[in-house]
Amino acid sequence: MTKTFAVIGDPIDHSLSPNIHNAAFNALGMDCTYIAYRVPRGELKEGIESLRQIKISGFNVTIPHKIEMMKYLDESSEECKIIGAVNTVTNENDKLVGYNTDMDGFLEPIKKRDIAIKDEDVLLLGAGGAARAIVAGFAKEKAHKITIANRTKERGQELAKFAASLGVESNAMSLDEAGQNAGKYKFIVNATSVGLKNEPSPISTNAINSQSVVYDIIYMPMNTDFITQSKKNLATVIYGYEMLLGQACLAFEIWHKVKAPYDVMRKVLLGGF
Ligand SMILES: NC(=O)c1ccc[n+]([C@@H]2O[C@H](COP(=O)([O-])OP(=O)(O)OC[C@H]3O[C@@H](n4cnc5c(N)ncnc54)[C@H](OP(=O)(O)O)[C@@H]3O)[C@@H](O)[C@H]2O)c1
């Protein structure tokens with residue numbers, strides 16, 4: 001019987017996840033399908049009920065449900081518990097088990113490039129859901145210090161406290177200060193939504209240089225202003241689509257227990273831009 005997978009969220013119509021997973025099923029000759037299912041805020045309980053009815057085999061969870069989904073799990077992985085959010089769910093005999101592949105999906109392109117994280121300093125722009133998974137990732141890899149720069153100061157301070165609770169030195173500053181100090185950090189990561197609509201970089205890029213590793217987790221557009229300016233300053237750049245692929249491959253491997261066909265998934269993703 002064909003196994004069905006899904007991504008739930010709202011908005012969902014531009015999600016690239018169905019393309020990525022269906023291309024992988026085709027490449028490996030798997031009898032599976034993956035659909036996008038719009039579940040508006042406030043309707044998660046009903047949304048999950050209908051997924052159970054169609055005997056969904058597994059699903060991804062995106063904005064705005066990643067945190068609330070925790071309530072509906074029968075079991076959750078250690079990563080989910082630490083981050084407090086879930087993006088991948090398996091359904092075995094009606095038991096929902098949650099995982100979070102955002103954290104390792106974020107780390108994967110850094111590891112692929114053989115860039116060391118241990119004892120390095122990180123400047124993280126943004127303090128939303130994605131930033132929390134990124135903090136957990138840098139903590140796991142034993143970064144020396146994480147500085148959070150966020151528009152809303154209190155949220156930045158809160159995330160800095162979370163980093164400290166994971167054993168990493170941390171502080172918070174404004175986006176203006178972050179621009180002035182960017183040259184002091186090995187990693188500079190944009191986890192705000194600034195750039196989605198082609199806005200200018202959230203910080204000044206003047207201090208970014210050839211020693212900087214600049215990572216923008218926005219994947220659409222691929223070349224945000226933050227990335228374009230940082231490339232001009234000869235920084236090593238990492239694209240948001242690489243994190244998207246990383247988390248998708250890890251979800252694929254949790255569900256199917258076979259190695260994800262990375263190159264096929266990458267090709268279809270880049271074709272989707
Ligand atoms: N590549 C991937 O696989 C991947 C995975 C997850 C997310 N993402 C992308 O990452 C981004 C953030 O996602 P999220 O889930 O963390 O969203 P979120 O929880 O809504 O957080 C949004 C963040 O952006 C900041 N922000 C929004 N508008 C701003 C503005 N005009 N100026 C300065 N800061 C602003 C917010 O600051 P305040 O606290 O001040 O509101 C907050 O820190 C989205 O663009 C999403 O598409 C990519």
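Modeller: Gladly! Start with contacts, counted as heavy atoms within 4.5 Å. In this predicted model, 12 residues of domain 1 touch 17 residues of domain 2.

Colleague: Which residues belong to domain 1 and which to domain 2?

Modeller: The domain assignment gives 3–100 + 243–271 to domain 1, and 103–238 to domain 2. Their C-alpha centres are 26 Å apart.

Colleague: What area is buried between domain 1 and domain 2?

Modeller: Buried area is what the two parts lose on being put together, summed over both. Here that comes to about 1200 Å², with carbon and sulfur atoms giving 72% of it. On the domain 1 side, the residues losing the most area to domain 2 are Ile-82, Ile-83 and Met-243, which together make up 46% of what that side buries.

Colleague: Which elements of domain 1 give two or more residues to the side that touches domain 2?

Modeller: Those are α3 (78–83), α9 (240–256) and α10 (262–271). The largest share, five residues, comes from α9.

Colleague: And how does that side of domain 1 divide by class?

Modeller: The side of domain 1 touching domain 2 has eight nonpolar residues, three polar and one charged.

Notes
Residues are numbered from 1 along each chain as its sequence is written. This is a predicted model: local features need pLDDT of at least 70, side-chain atom pairs count only at pLDDT 80 or more; totals for chains, interfaces and linings use all residues. Side-chain values use heavy atoms; hydrogens and water are left out. Domain bounds come from an automatic or database domain assignment. Buried area is the accessible area (1.4 Å probe) that two parts lose on being put together, summed over both. Helices (H or I, at least four residues) and strands (E, at least two) are DSSP runs, numbered from the N terminus. Ala, Val, Leu, Ile, Met, Phe, Trp, Tyr, Cys and Pro count as nonpolar, Asp, Glu, Lys and Arg as charged, and the others, Gly among them, as polar.
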